[in-house]
Amino acid sequence: MSSQELLAIPMPAGGRMDIYSGVARLSGKLWASCHRPPTGQSKTAVIIVHPSSNFLGHYALAPLAERGVTAVGMNTRYLANDSALIVENCVLDLGEGVKYLREAGFERIILMGNSGGGGLVSLYQSQAENPTITSTPAGDPPDLTAADLPPVDGIICAMAHPGRAIVYTQWLDPAIKDETRPFERDASLDMFDIRNGPPYSEEFMTRYRAAQVERNRRITRWVRAQLETASSRTGGAVNDLPFVVHGTAADPRFVDLTLEPSDRPPGTLWGETYSANFIPATLGHLTSLRSWLSQWSIDDSNANGPEHLSRVSVPVLVAYGTADNTAFESHARALYEGVGHAERELYPIAGADHYFTGNPGMVAAFCDKVVAWLDEHDLR
């Protein structure tokens, strides 16, 4: 049986008050769950990470350890709260995790970006190998070209989408005309208006996708204007504000399975699509001005997985489930095709949904694949 311990990783300075908990700020720790093989410490560690999800109990940790690989479920400073998340700070946090494990004696470190972690690990390795980002999209620190970001030895994107801003824009509800009145809607762009479908026509989808991008850009224009207003009216004392975004689960693929055929059922991770589009638990309803630019803006966010995978030199494995109703095959292919070298693999998992729900055999098969891939690339 594998052993488990809690790691307390030093949290790097972020330069801005973006964590609510004073206890978390004072402790200065990033928490990770380390699962070691029954036979003792391996020389390879796999860090499983997401920008904000709690991965201390990730489903792949114990199975990987049982197969002889140390597995670490790492959290960023934005654990369970991405309302003020700055992607560039997540890169710094991940760098501290890599350094911690290097100093602990691990010779090979692999990053596994699960779901929204795919864009993060791609960005991390890109900046570790060839740093280019000198500030956040709002012009704030950190400067990643001056950061200590040790490169890792391999990248795994598991059930991942290309990046938060990309998938968020694909989910934005373009029928919302007034950001404060989500139920005053443009019927011609309303996927929930039965006159439009499902099924949805090619003409409707062309207009719909363009309107989603325009809504994202409209919010971005408003965000930049608000930043200027807040700064000028407060003499710089207030440099960020929170706001609400309604309608963030309106991808027509959730209800029209002909748009991207797969084994998935209709609906979202949060249930039926119409209600999921509005309830607070779904993606990115609560954010701040600066976080919007870093995390959700289609034109500004740095977390573009395919773009950054084109700059990495290490082996890349992209795994996806054929029944996943969140990270689609096209997302996996975009990540795979973004890799700019031959040491890449696209691995479909037949029948798997986003979390391998109720299928421990699929989890085992996935972990078997990860270990085989590590062996193939001499990473274990």
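Modeller: In this predicted model, a residue is called buried when its relative accessible area is under 20%, and exposed when that area is over 50%.

Colleague: Why does R290 count as buried?

Modeller: The relative accessibility of R290 is 12%. The limit is 20%, so R290 counts as buried.

Colleague: Where is R290, and which residues beyond its sequence neighbours is it in contact with?

Modeller: R290 belongs to helix α8. Setting aside neighbours within four places in sequence, R290 contacts R16, I86, A138, D140, L227, N239 and D240.

Colleague: What describes the packing of helix α6 and helix α8?

Modeller: The axes of α6 (residues 202–234) and α8 (residues 289–296) are 9 Å apart, at an angle of about 145°. The crossing of α6 past α8 is left-handed. On the α6 side, the residues that meet α8 are N216, I219, T220, W222, V223, R224, Q226 and L227; on the α8 side they are L289, R290, W292, L293 and W296. Eight residues of this contact are nonpolar, three are polar and two are charged.

Colleague: Which residues touch the most other members of the largest nonpolar core?

Modeller: That core has 48 residues, and those with the most touching members are I47, L94, L101, L111, Y124 and I155. Helix α3 (residues 87–103) gives the largest share of this core, seven residues. Apart from neighbours within four places in sequence, L94 has contacts with I47, V49, M74, L111, L120, V121 and Y124.

Colleague: How many residues are in the second core?

Modeller: The second core is separate and has 27 residues, among them F55, A71, I349 and L379.

Colleague: Are C34 and C90 buried or exposed?

Modeller: C34 has a relative accessible area of 1%, so C34 is buried. The relative accessibility of C90 is 1%, so C90 counts as buried.

Colleague: What makes the phi of A80 worth a remark?

Modeller: Most residues other than glycine have a negative phi. A80 is not a glycine, and its phi is positive, about 65°. A80 is in the loop between β4 (70–74) and α3. Its relative accessibility is 68%; the limit for exposed is over 50%, so A80 counts as exposed.

Colleague: What is the phi of F356, and is F356 buried or exposed?

Modeller: F356 is not a glycine, and its phi is positive, about 55°. The loop between β12 (344–349) and α11 (360–376) holds F356. With a relative accessible area of 3%, F356 is buried.

Colleague: Which form, cis or trans, does the peptide bond from P141 to P142 have?

Modeller: Most peptide bonds are trans. The bond from P141 to P142 is cis, with omega near 15°. P142 is in the loop between α4 (117–129) and β6 (154–158).

Colleague: What joins G197 and P198?

Modeller: G197 and P198 are joined by a cis peptide bond, with omega about 5°. The place of P198 is the loop between β8 (181–185) and α6.

Note on methods
Residues numbered from 1 in each chain as written. Predicted model: local features only at pLDDT ≥ 70, side-chain atom pairs only at ≥ 80, totals over all residues. Heavy atoms only, no water. Core = buried A, V, L, I, M, F, W, Y, C linked by side-chain atoms within 4.5 Å. Buried < 20%, exposed > 50% of the residue type's maximum accessible area, 1.4 Å probe, protein only. Helix = DSSP H or I, 4+ residues; strand = E, 2+ residues; numbered from the N terminus. Contact = heavy atoms within 4.5 Å. Axes fitted to C-alpha atoms, helices over the stretch in contact; angles between N-to-C directions. Left-handed = near helix turned anticlockwise from the far one by under 90°. Nonpolar A, V, L, I, M, F, W, Y, C, P; charged D, E, K, R; others polar.
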